[in-house]
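User: I have a model open and want to go through a few spots in it. Can you take my questions as they come?

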Amino acid sequence: MSNETLLGEEPVIVIGNDDKYVKKSLALLSKVGKKLAAMHDWQALQREQTFTTDGTGTYTRAAVFADGDFMRYINDTDWDRTNYRKMGLVTPQEWQVLKSSVVTNVGITRYYKEQGNSILITPDESGSTIVFNYISDQWITESTGVTGQSTFQADTDLVLFPEFLMELGLKYELKAGDGLPSAIDLKEFEDAREDLLASETPSRIIGPKYSNNTRNPNLPDTGVGQ
């Protein structure tokens, strides 16, 4: 990152530096990254997780998300791929109806809920592939950009958020923490963040729109008109 966020001489190293201002800046930079990760389903943090059922009906989150980077689910991504069916997320009250009433637990639709950091599924069977999308807490990588991390470990670490956004967030946190005027810095950070939120992934158009399918129907490659 540039020296713009520092109010003194640029340090030679950051990780392991005992200078109190450098340590404070690193802590606040981590705070900015964690806040950004928590506020939006950034595409850079989106992951897909599959696992195979064993028929027990109970699967610990630690076993399902074995990489240990789980932050939160992306809603409505729960599918039973083996049976080509959407799973049904239920409330604790609905779960008791399924498990305790005369409603049968045998059926073609699977229902689930989370309890005690475990995924409970009913009805369950062995050998099915279940999939979820989730947000990873690893918004940092090592220098090659391959291995994910949730904390800074080396000066060569990279962040998955745009670097200028992290700088703007750090400038605000530094000034606000020192009691300096920071309203302009906060607005710059929030404006940049909102611009990125609006443009980082494709968006659907709501309302009347041109559709290519109305002029070029989805027809098979061969055999048309026979």
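User: Tyr73 to start with: how does it count by relative accessibility?

Analyst: This is a predicted model. In it, Tyr73 has 21% relative accessibility, so it counts as partly exposed. The cut-off for buried is under 20%.

User: And Phe132, buried or exposed?

Analyst: Phe132 is buried, because its relative accessibility is 2%.

User: What about Tyr112 and Phe132, what kind of ring pair is that?

Analyst: Edge-to-face: the ring centres of Tyr112 and Phe132 are 5.5 Å apart and the planes stand at 70 degrees. Tyr112 sits in strand β7 (residues 111-115) and Phe132 in strand β9, so the pair links distant parts of the chain, 20 residues apart. Tyr112 has 6% relative accessibility and therefore counts as buried.

User: How many aromatic pairs are there in the whole structure?

Analyst: A search of the whole structure gives twelve. One of them is Tyr73 with Phe132, a tilted pair with 5.3 Å centre to centre and 55 degrees between the planes. Tyr73 belongs to strand β3 (residues 70-73) and Phe132 to strand β9 (residues 126-136), so this pair ties together parts that are 59 residues apart in sequence.

User: Which residues do the ring pairs link into a cluster?

Analyst: The cluster holds Phe51, Tyr59, Phe65, Phe70, Tyr73, Tyr112, Phe132 and Tyr134.

User: Tyr59 is in that list. What is its bridge partner in β8?

Analyst: Ile119. Strand β2 (residues 58-60) pairs with β8 in the antiparallel sense, over three bridges.

User: What stands opposite Ile119 from β7's side?

Analyst: Glu114 stands opposite Ile119. β7 and β8 run antiparallel and are joined by five bridges.

User: Where is the positive phi in the hairpin of β7 and β8?

Analyst: At Gly116, with phi near 60 degrees. The hairpin has two residues between the strands.

User: How many residues of β8 are buried?

Analyst: Five of the five residues in β8 (residues 118-122) are buried. Side chains in a regular strand alternate between the two faces of the sheet. In β8 both faces are covered, with Ser118, Leu120 and Thr122 buried on one side and Ile119 and Ile121 buried on the other.

User: Changing topic. Where does Glu142 lie?

Analyst: Glu142 is in the loop between β10 (140-141) and β11 (148-149).

User: What is the nearest side chain of opposite charge to Glu142?

Analyst: Arg47, at 11 Å. Glu142 is buried yet has no salt bridge. A salt bridge needs a side-chain nitrogen of Lys or Arg within 4 Å of a carboxyl oxygen.

User: Which side chain does the Glu142 side chain make a polar contact with, then?

Analyst: That of Thr144, at 2.5 Å. Leaving aside residues up to four places away in sequence, Glu142 touches Thr147, Gln149, Thr156, Asp157 and Leu158.

Key:
Residues numbered from 1 in each chain as written. Predicted model: local features only at pLDDT ≥ 70, side-chain atom pairs only at ≥ 80, totals over all residues. Heavy atoms only, no water. Helix = DSSP H or I, 4+ residues; strand = E, 2+ residues; numbered from the N terminus. Buried < 20%, exposed > 50% of the residue type's maximum accessible area, 1.4 Å probe, protein only. Lys, Arg positive; Asp, Glu negative; His and termini not counted. Polar contact = N/O pair within 3.5 Å; in protein donor to acceptor, adjacent residues only side chain to side chain. Contact = heavy atoms within 4.5 Å. Phe/Tyr/Trp six-rings, centres within 6.5 Å; stacked < 30°, edge-to-face > 60°. Pairing = 2+ DSSP bridges.
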